[in-house]
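Please read the following report with the sequence and the model side by side. The parts are taken up one after another.

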Amino acid sequence: MSTQWQYDWYVLAVIGLLFVCSLITRSGYWLIGDHLPLPDSVRRALRYAPVAALIAIIVPELLPWRAGSSPEIDIKAIAAIFAVLAYLRTRNTLVVIIAGMVMFWLLKYFFA
C-alpha cells in the first residue's frame, strides 16, 4: 500500500512539473515580449511556422513508401491530391476538407 502511495505522488509531481514547464514556455514571451521585441526577419519567418508544422504532420503519412517495401500509392495520397486540386480550383478551405474526405470515403468503399 505504501508503494502505491509513493507512486501516486510521483505521478502527480511529474504532472505538476510538466504543467509548470508548459506554462513557462508558452506564456514566457507573452509576459516579457514587450521588453524583448523580435526583429522583423524573425517575425516574417514565424508566420510560416503553423504551415510548416502541418506539413510535417501530413506529408510523412502520404509518402508512397514504407520501410522494407516498394513504393505504392494508397487511397490517402489519391484523396490528398484530389483535395489539392479542389483547393486550386476553389481557394476554399471548407471545400478542400469536404472534397478530400468524400474522395477518401469513396475510394475506401470501392477499393478497400
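## A glycine in helix α1

Leaving aside neighbours within four places in sequence, G28 is in contact (heavy atoms within 4.5 Å) with L23 and G33. G28 belongs to helix α1, residues 2–32; helices here are DSSP runs of H or I with at least four residues, numbered from the N terminus. G28 counts as partly exposed because its relative accessibility is 23%. Buried means under 20% relative accessible area, exposed means over 50%, and partly exposed lies in between, with a 1.4 Å probe and protein chains only.

The model is predicted: local features need pLDDT of at least 70 and side-chain atom pairs count only at pLDDT 80 or more, while totals for chains, interfaces and linings use all residues. Residues are numbered from 1 along each chain as its sequence is written, and side-chain values use heavy atoms, with hydrogens and water left out.

Helix α5 has 19 residues, which at 1.5 Å a residue should span 27 Å, and its end C-alpha atoms are 27 Å apart, in agreement. The expected span is 1.5 Å times one less than the number of residues.

Which residues of α5 are buried? They are A99, G100, M103, F104 and L107. These residues cover an arc of only 130° around the axis, so they are on the same side of α5; the arc is that of the directions from the helix axis to the C-beta atoms. What covers the buried residues of α5 includes α4 (75–90). On the other side of α5, L94, I97, W105 and Y109 are exposed.

## A nonpolar patch

L94, I97, I98, M101, V102, W105, L106, Y109, F110 and F111 form a nonpolar patch on the surface, and together they have about 1,200 Å² of accessible area. Patch residues have over 30% relative accessible area and no salt bridge, and nonpolar side chains (Val, Leu, Ile, Met, Phe, Trp, Tyr) are joined within 5 Å. F111 is found in α5, residues 93–111, and counts as exposed because its relative accessibility is 66%.

## Salt bridges

How many salt bridges does the structure hold? There are two, each a side-chain nitrogen of Lys or Arg within 4 Å of a carboxyl oxygen of Asp or Glu.

E61 forms a salt bridge with K76, with the closest N and O atoms 2.4 Å apart. E61 lies in helix α3 (residues 49–62) and K76 in helix α4, so the pair ties together parts 15 residues apart in sequence. D74 and K76 also meet in a salt bridge, at 3.9 Å from N to O.

Definitions and conventions
Patch = residues over 30% accessible without salt bridge, like charges linked within 9 Å, V, L, I, M, F, W, Y side chains within 5 Å. Areas by Shrake-Rupley, 256 points an atom, 1.4 Å probe, with all protein chains shown as cover. Helix = DSSP H or I, 4+ residues; strand = E, 2+ residues; numbered from the N terminus.
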